[in-house]
Amino acid sequence: MFFKKIIFIALIVCWCFGNTAGAQSSLGSWNIINVRAELNKRWSFFAEGQLRSLRFYDHFHYYEYKGGPVFKLDNNFSFTTGFGRYNTYGSGGNFKRPTQQREYRSWLQVNMKNRIKRVEIEHRYRAEQRFTSRGYRNRFRYRLSANVPLNGKDAARPLYLQPSNEIFLTNRAPFFERNRSAVNLGYVLSKKFTMQTGILHQYDYRLTDETGSTFFQIAGLFTLDLKKNKAGVRGDVED
């Protein structure tokens, strides 16, 4: 059964990769490592790093690292704040200078969840304060995502599908900046580690802090459970 699941994931990813590669002149890579330390029932802390390329593991042009505390009011409502560093380089090579944009960013975030049978729906609202090499900016983001189980309720290693769509807005005309959509497959290998992989596509309107439109995405999600009462791993990526 375990190997059937691995083959299933590989076939889906290869199908997505083949269709995307056929439709796009280049496919980039989007790599994420996320670590979450559960401190107690209410509080946790996350740290995340990302590395992106405009071609398939070539022409690396972007990296970021960030972290912050998370307060969980209950199982369906949480608050997050964080701070990070974001660097974007030119296209045509690996970290090609001069840099296109350098940025420090802070944000406030609210996550709300509800369920339709076994499907978990998440609404994420984020207000960002961006201190960039081109000046200060505000940005507002809304992401709608779903966690759809693909195996039995009592499966030892859950397999799930995670589609999402996110819009990016500002307080300056023309107000709309970006739309980002993704479809990922997740596999919970243990209470401490989950892996996600899939395809992400984004449409940008006159942005200078990101280039590229379609990416092969892979994420490793680690949970350090420091509570006395142990809890399971979650498939949350900050982005």
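Two strands count as paired if DSSP finds at least two bridges between them. Helices (H or I, at least four residues) and strands (E, at least two) are DSSP runs, numbered from the N terminus.

This is a predicted model, where local features need pLDDT of at least 70, side-chain atom pairs count only at pLDDT 80 or more, and totals for chains, interfaces and linings use all residues. Residues are numbered from 1 along each chain as its sequence is written, and side-chain values use heavy atoms, with hydrogens and water left out.

Q: How many bridges join strand 2 to strand 3?
A: Let's look at the pair. Strand 2 (residues 43-55) and strand 3 (residues 58-74) run antiparallel. The number of bridges joining the two strands is 12.

Q: Which residue in the turn between strand 2 and strand 3 has a positive phi?
A: These strands make a hairpin with 2 residues between them. The phi there is about 55 degrees, and the residue is Tyr57.

Q: Which residue in strand 4 is the bridge partner of Gly67?
A: Strand 3 and strand 4 also form a hairpin, with 2 residues between them. They pair in the antiparallel sense over 10 bridges. The partner of Gly67 is Phe83.
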